[in-house]
Amino acid sequence: MSPSAPDQNTSDRILVVDDEPNMLGLFKKVLGKGGYDVVTAFSGEEAIKKLETGWFDLIISDLKMPGLSGLELLKKVKSMRPTLPCIVLTAHGTIDSAVAAMKAGAYDYLTKPINNDEITLTVKKALDLHRLTREVERLREKVGVEGALGNIIGRSKPMQDLFRLIERVANSHTTILIYGESGTGKELFARAIHQQSPRRERPFVAIDCGALPETLLESELFGHVRGSFTGAVSNKKGLFEEADGGTLLLDEIGDTTPAFQSKLLRVLQENEIRPVGGNKTIKVDVRVIAATNKDLKKSVEKKSFREDLYYRLAVVPIVIPPLRQRREDIPLLADHFIKKYCERNRLEPKRISPKALRLLVESPWPGNVRELENVIERAVLMNPATEIAAEALFMEPSVEQPDDALYKVIRTATETVEKEKITEATLKAKGNRSRAAKLLGISRATLYNKLKRYNLIE
Ligand SMILES: Nc1ncnc2c1ncn2[C@@H]1O[C@H](COP(=O)(O)OP(=O)(O)OP(=O)(O)O)[C@@H](O)[C@H]1O
Ligand SMILES: [Mg+2]
């Protein structure tokens with residue numbers, strides 16, 4: 001049986017492995033000062049025994065040791081505890097062994113003689129990453145419950161707010177305008193609204209308004225009668241009729257002409273269409289959702305979009321933020337897509353390496369979720385290993401303040417866990433704060449501060 005993770009509040013436990021007592025002493029001193037719980041082992045064999053019985057958040061190991069070598073230990077650790085980060089120690093001038101260790105899955109390496117500040121910094125980074133990986137594992141189990149709405153993944157505050165918003169508006173008949181950059185999930189949201197609405201048994205029809213010239217678009221949407229233009233050899237039903245009782249998504253609405261816009265406005269006001277070339281109108285019952293990646297307000301100012309139609313459509317505006325503004329969603333999305341493409345291609349389940357995850361979280365994603373999905377699909381298909389390494393993503397490291405992005409994600413993740421633990425303990429302690437603090441292993445004052453910070457008390 002593998003040891004289980006301890007509570008959030010205990011300090012991080014680090015296993016240091018080296019055959020030199022001096023080195024162990026040094027680590028004990030430096031890391032002990034940093035508030036870490038340090039356990040030492042003189043050999044790889046001893047390290048494995050300790051790993052079998054205790055929980056560790058990080059392992060630091062020398063590479064050159066009698067008996068089991070550092071590299072062998074590393075491989076063993078990777079199979080026992082795939083997400084446990086390992087830092088290896090190499091002697092100055094033996095960079096080759098460091099490279100081999102990195103290839104075998106080490107998180108980082110330190111070169112002897114070792115600088116104290118370097119130890120602290122490298123250890124902190126590795127632990128942050130481990131926390132993130134653990135949080136992802138935890139979320140993976142919960143994602144079905146609250147990190148998604150149907151197949152829309154999103155745990156960030158803006159996505160959760162949107163989920164609540166669409167649950168509220170799905171039942172009504174109101175027109176909805178969805179705005180978002182390319183690849184943010186506009187169509188996915190439109191489908192979700194349809195699925196949540198009483199119209200779900202009726203058709204969902206989508207059309208890209210930007211892809212067709214005006215006359216064709218009108219005939220597509222409203223239908224036409226035979227002979228109304230060259231090529232109209234028979235009567236044709238329009239998409240409004242096809243979608244009767246259901247939902248019609250007018251995608252790229254910002255690319256339409258003002259003449260089309262005024263016709264559409266009439267349809268929305270009258271709930272009836274007139275096929276091109278026809279003289280009879282047809283009643284339709286369709287809920288219209290429009291989507292755009294253009295700032296329609298600006299188009300209205302520039303007079304390229306009719307103001308009256310804008311207000312008619314934007315009864316409920318839904319703004320999907322770009323992925324770079326909700327990086328907390330990236331680990332869940334990555335996980336979701338890895339599963340999706342492993343299943344689709346009948347591959348054994350894969351996981352992502354902590355370093356690869358970091359690269360994903362830090363990337364700018366101009367193509368938003370679609371781009372992330374493509375990167376993952378490629379990595380899953382091209383990479384036979386169970387663990388997707390950073391190199392398998394074929395991505396440039398980001399130039400945006402990378403650490404900020406990562407730390408924000410970790411902070412949000414940690415806060416979520418902390419909030420849950422506090423609520424749990426408070427319930428268990430039946431509201432008695434001293435007892436709750438005791439259960440959590442923190443002081444009453446700390447508990448009070450945290451309760452305030454998370455708005456759990458007035
Ligand atoms: N939150 C999400 N959870 C899961 N999958 C998502 C999410 N957002 C987007 N996707 C996926 O990303 C891809 C792009 O989404 P979609 O087509 O809805 O974007 P879009 O905003 O309509 O893009 P475009 O402007 O290019 O038309 C789809 O494969 C979709 O399933
Ligand atoms: Mg789209």
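Helices (H or I, at least four residues) and strands (E, at least two residues) are taken as DSSP runs and numbered from the N terminus. The structure is a predicted model, in which local features need pLDDT of at least 70 and side-chain atom pairs count only at pLDDT 80 or more, whereas totals for chains, interfaces and linings use all residues. Residues are numbered from 1 along each chain as its sequence is written, and chains are lettered from A and ligands numbered from 1 in the order in which they are written.

Two packed helices are described by the angle between their axes and the distance between the axes. Axes are lines fitted to C-alpha atoms, for helices over the stretch in contact, and angles run from 0 to 180 degrees between N-to-C directions. The axes of helix 17 (residues 433-440) and helix 18 (residues 444-453) cross at roughly 100° and come within 9 Å. Helix 17 and helix 18 are therefore roughly perpendicular to each other, a term applied to angles of 65 to 115 degrees (under 35 counts as roughly parallel, over 145 as roughly antiparallel, and the rest as oblique). Helix 17 contributes Arg433, Ser434, Ala436, Ala437 and Leu440 to the contact, and helix 18 contributes Arg444, Leu447 and Tyr448; residues are in contact if their C-beta atoms, placed from the backbone, lie within 7 Å. By class, five nonpolar, one polar and two charged residues form this contact of helix 17 with helix 18. In this scheme Ala, Val, Leu, Ile, Met, Phe, Trp, Tyr, Cys and Pro count as nonpolar, Asp, Glu, Lys and Arg as charged, and the others, Gly among them, as polar.

Burial was assigned from C-beta atoms placed from the backbone: a residue is buried if 20 or more other C-beta atoms lie within 10 Å of its own, exposed if 12 or fewer, and partly exposed in between. The expected span of a helix is 1.5 Å times one less than its number of residues. For the 13 residues of helix 6 (residues 157-169), the distance from first to last C-alpha is 18 Å, close to the 18 Å expected at 1.5 Å a residue. Met159, Leu162, Phe163 and Ile166 are the buried residues of helix 6. They lie on the same side of helix 6, because they cover an arc of only 105° around the axis, the arc being that of the directions from the helix axis to the C-beta atoms. Lys157, Asp161, Arg164 and Arg168 are exposed on the other side of helix 6. The cover over the buried residues of helix 6 includes strand 6 (148-149), helix 7 (186-196) and strand 14 (316-320).

Helix 10 (residues 258-270) also has 13 residues, and the separation of 18 Å between its end C-alpha atoms agrees with the 18 Å that they should span. Its buried residues are Phe260, Gln261 and Leu264. These buried residues fall within an arc of 100° when seen down the axis of helix 10, so they line one face of the helix. Pro258, Ala259, Ser262, Gln269 and Glu270, on the other side of helix 10, are exposed. Helix 8 (214-222) and helix 12 (307-313) are among the elements that cover the buried residues of helix 10. In helix 8, the buried residues include Leu217, Glu218, Ser219, Leu221 and Phe222. The buried residues of helix 8 pack against strand 9 (204-208), helix 9 (239-242), helix 10 and strand 11 (272-273).

Individual residues were also examined. Ala356 is placed in helix 14 (residues 354-362) and counts as buried, with 23 C-beta neighbours inside 10 Å. Not counting residues up to four places away in sequence, Ala356 touches Ile388, Ala389, Ala390, Ala392 and Leu393. His130, in helix 5 (residues 116-146), is partly exposed, with 19 other C-beta atoms within 10 Å. Beyond four places in sequence, His130 touches Asp57, Leu58, Thr83 and Pro85. The C-alpha atoms of His130 and Pro85 are separated by 6.5 Å, although these residues are 45 residues apart along the chain.

Most residues other than glycine have a negative phi, and most peptide bonds are trans. The peptide bond from Lys112 to Pro113 is cis, with omega near 0°, and Pro113 is found in the loop between strand 5 (108-112) and helix 5. Arg346, which is not a glycine, has a positive phi of about 50°. Arg346 lies in the loop between helix 13 (330-344) and strand 15 (351-352) and counts as exposed, with 6 C-beta neighbours inside 10 Å. Phe394 likewise has a positive phi, near 50°, and lies in the loop between strand 16 (387-388) and helix 16 (402-428). With 10 other C-beta atoms within 10 Å, Phe394 is exposed.

Notes:
Contact = placed C-beta atoms within 7 Å.
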